[in-house]
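Please examine the sequence and the three-dimensional structure shown here. The briefing below is intended for a reader who is new to structural description.

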Amino acid sequence: MQKECMERESGSSTRVEEILEAMRRQEFQVYYQPQYDALTNRIRGAEALARWIRPDGTTVMPGDFIPELEKSDRIVELDWYIFREVCAFLQRQREERMRQVPISVNFSRKHVCEETFAKRLCEIADAYAVPRELLIVEVTESALVEHEEEVLRLVEDVRRAGFRIAIDDFGSGLSSLSFVKDISSDILKIDKSLLSHNCEDEKERIVLESLFSFAHRLKMITVAEGVETREQLGFLRTCGCNVIQGFLFAKPMDAERFLTLCRETPVVEEAEDILMIQPAGSAMQLLLDAVFMCYPLVIYSNLTRNSFYMMAYENFSSRSCPSTGVYDELIRHGASTMHPDDRELFRETFRIDKQMETFARGEKTIRVVTRQLGDDGVYRRVETTNYLVKNPSSDDVLVISLCHNLEE
Ligand code: C2E
Ligand code: MG
Ligand code: MG
């Protein structure tokens, strides 16, 4: 059996040549950490992670060889080696007629200097006859910050060739939200450092909810990394996180064990997953478009956690509301924009404890009409309908608020 060892004592003295020699002797293996659909708990992907298995059976973890390889720029050799191994794995899985899920491969920032990066990806994938949509290129957030222009070019080339891009470790460093907006990434991987043990801290929750909302509005699939507790999972589900990767579900495992797991566990095939982030024209997107057409202001709130975010905010006569934050404060703010005679009604109707009582009595909707001041200084009658539901995966009470002006 393989022992995991950190080998810290050899630390910086682990020489690059020794590592490369080990690679030539095929001592490097790919481990796969499955990624699970946050709603269905099915496997819908995996991340390939390098492991150095020494002849004595000890396992050297990436933290003990990646930094040295990075320093010497030889990391690119490891990345291409891992990518090739992943393609060989996918080819084998295909030959065995197994259902397949996409595999993410880590690529160091050092690849930004490789002019022919996308071409090489294509050559290797084609050599193993692997469909490109089964391969995801992970680039770390720090690479984005350091080499903005080069990364944008690389990402464009890679996506044009039919592979998908994931931004790794988002939130771990000098994240720039505006840069993520500019980069056409398919997937955003939220770094584990943003998740505390039980996600109880109010500010942490607000930051995470906002991040997920931001990513989804940019049509990115979200992956939460390093999920270890049920509390984290519960909260991530309320944020609408799409994919979960973490020890709570599975640790990285060797190829044989991953193959067995894929054989035994149902996997999600992309095409059947309409919640996955709706391409334009999908049933889900069309339904949402219809809802937003009738209700220009739609707010998604979690009463139990006292938080909210705007799902849509189009063509509404008052646009002064914050787009995410604490629910109590939203109600206070909303009341301040109401006609003075309606303020008390508005505040009382939407008090969290009142809504919780309503829900506990078994009632599912709350409807109220109030006069709200528009940005043009005119009061309009606004109908707000709150739909109260329980989150199926936790005890949280959620509210969908649909608002529209009664006259224009
Ligand atoms: P990463 O790409 O962010 O990969 C996720 C890391 O988080 C993995 O560590 C994984 O084992 C760990 N992890 C996953 N779930 C949990 C959890 O619930 N709790 C905790 N504490 N950790 C969890 P690993 O395998 O040690 O890899 C560390 C980093 O090394 C990777 O971070 C990646 O940046 C790098 N790396 C690994 N393989 C390669 C490779 O082939 N090429 C390159 N360039 N970098 C690699
Ligand atoms: Mg990664
Ligand atoms: Mg990561």
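The points that follow concern metal sites and aromatic rings.

This is a predicted model. Two magnesium ions, ligand 2 and ligand 3, are 3.9 Å apart, and Asp168 coordinates both. The structure also holds 13 aromatic pairs.

**The magnesium ion (ligand 2)**

- The donors to the magnesium ion (ligand 2) are Glu47 (OE), Asn106 (OD1), Glu138 (OE) and Asp168 (OD), at 2.1 to 2.2 Å.
- Along the sequence, these donor residues follow the spacing E-x58-N-x31-E-x29-D.
- Distant parts of the chain are linked here: Asn106 belongs to strand 5 (residues 103–107) and Asp168 to strand 7, 62 residues apart.
- Asn106 has a relative accessibility of 22% and therefore counts as partly exposed, since buried means under 20% and exposed over 50%.
- Asp168, at 5% relative accessibility, counts as buried.

- Asp168 in strand 7 (residues 164–170) and Glu225 in strand 9 (residues 221–225) are 57 residues apart, and the pair links distant parts of the chain.
- Both Asp168 and Glu225 are buried.

**Aromatic pairs and a cluster**

- A pair of aromatic rings is described by the distance of the centres and the angle of the planes.
- The ring centres of Tyr32 and Phe258 are 5.2 Å apart and the planes are at 10 degrees, so this pair is stacked; planes under 30 degrees apart count as stacked.
- Because Tyr32 lies in strand 2 (residues 28–37) and Phe258 in helix 10 (residues 255–264), the pair ties together parts that are 226 residues apart in sequence.
- Tyr32 and Phe258 are both buried.
- Phe346 and Phe350 form an edge-to-face aromatic pair, with 5.0 Å from centre to centre and 70 degrees between the planes.
- Phe346 is buried, with a relative accessible area of 8%, and Phe350 is buried, with a relative accessible area of 3%.
- One aromatic cluster is formed by Trp80, Phe83, Phe107 and Phe117.

**Charges over rings**

- The ring of Trp52 has the charged end of Arg54 over it, 4.4 Å from the ring centre.
- Lys251 lies over the face of Phe247, at 4.9 Å from the centre of the ring.

How values were computed. Residues are numbered from 1 along each chain as its sequence is written. Chains are lettered from A and ligands numbered from 1 in the order in which they are written. This is a predicted model: local features need pLDDT of at least 70, side-chain atom pairs count only at pLDDT 80 or more; totals for chains, interfaces and linings use all residues. Side-chain values use heavy atoms; hydrogens and water are left out. Rings of Phe, Tyr and Trp (its six-membered ring) pair if their centres lie within 6.5 Å; planes under 30 degrees apart count as stacked, over 60 as edge-to-face and the rest as tilted. Helices (H or I, at least four residues) and strands (E, at least two) are DSSP runs, numbered from the N terminus. Buried means under 20% relative accessible area, exposed over 50%, partly exposed in between (1.4 Å probe, protein chains only). A charge sits over a ring if NZ of Lys or CZ of Arg is within 6 Å of the ring centre and within 35 degrees of the ring normal. Donors are N, O and S atoms within 2.8 Å of the metal (3.2 Å for Na, K and Ca); water is not among the atoms, so sites may look incomplete.
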